[in-house]
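User: Please show the sequence and the model. I would then like to go through the charged contacts and the strands one question at a time.

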Amino acid sequence: MKIVGVTACPTGVAHTYMAQEALEKECEKRGYEVKVETQGSMGIENEIDQSEVDEADVVILAIAIGIDGEERFEEKENNGKVLTVDPGNMIKYPSDIVDKAEKL
């Protein structure tokens, strides 16, 4: 399975990067390919391009604020392949969230 994700929190510091780490670790445990873009205090890092979105099986948005480039995910959203969660829940319950994403 290939997953792309974006993490972003209001302050753009701790939760943004903790959610990224939680998602990456959970995907690695399962042997999934994953790329996580962060939109934090440092700006956009590890940016996901449209071809990566198109190739992904599912998109996980662990966001608590609006993000830049959200239009990249419109087609996946229309196909029911986008899961939006709170960054805090991504940190606390990464296995549950990836389980939900698998079912999309």
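**Charged contacts, strands and surface**

User: Which residue forms a salt bridge with glutamate 33?

Analyst: The closest N and O atoms of this pair are 3.6 Å apart. A salt bridge requires a side-chain nitrogen of Lys or Arg within 4 Å of a carboxyl oxygen of Asp or Glu. The partner of glutamate 33 is lysine 2.

User: On what basis are such values given?

Analyst: Residues are numbered from 1 along each chain as its sequence is written, and side-chain values use heavy atoms, with hydrogens and water left out. This is a predicted model, in which totals for chains, interfaces and linings use all residues, local features need pLDDT of at least 70, and side-chain atom pairs count only at pLDDT 80 or more.

User: How many salt bridges are there by this rule, and how many residues apart are glutamate 33 and lysine 2?

Analyst: The count comes to nine salt bridges. Glutamate 33 lies in strand 2 (residues 33–40) and lysine 2 in strand 1 (residues 2–8); helices (H or I, at least four residues) and strands (E, at least two) are DSSP runs numbered from the N terminus. The pair thus links distant parts of the chain, with a separation of 31 residues.

User: Is lysine 2 buried or exposed?

Analyst: Buried means under 20% relative accessible area, exposed over 50%, and partly exposed in between (1.4 Å probe, protein chains only). Because lysine 2 has 15% relative accessibility, this residue counts as buried.

User: Which residue meets glutamate 52 in a salt bridge?

Analyst: The N to O distance is 2.9 Å. Glutamate 52 lies in helix 2 and its partner in strand 2, so the contact ties together parts that are 17 residues apart in sequence. Glutamate 52 counts as buried at 17% relative accessibility. The partner is lysine 35.

User: Why is strand 4 largely enclosed by the rest of the structure?

Analyst: In a regular strand the side chains alternate between the two faces of the sheet. Val58, Ile60 and Ala62 point one way from strand 4, while Val59, Leu61 and Ile63 point the other way. Strand 4 (residues 58–63) is largely enclosed because the number of its six residues that are buried is six.

User: Which strands are joined to strand 4 by bridges?

Analyst: Two strands pair if DSSP finds at least two bridges between them. On one side there are six bridges, in a parallel arrangement, with isoleucine 3 opposite valine 58. A further four bridges are also parallel, and alanine 62 has valine 85 as its bridge partner. The strands joined to strand 4 are strand 1 and strand 5 (residues 82–85).

User: How far apart in space are glycine 40 and valine 13, C-alpha to C-alpha?

Analyst: Glycine 40 lies in strand 2 and counts as buried at 19% relative accessibility. Glycine 40 and valine 13 are 27 residues apart in sequence. Their C-alpha to C-alpha distance is 5.9 Å.
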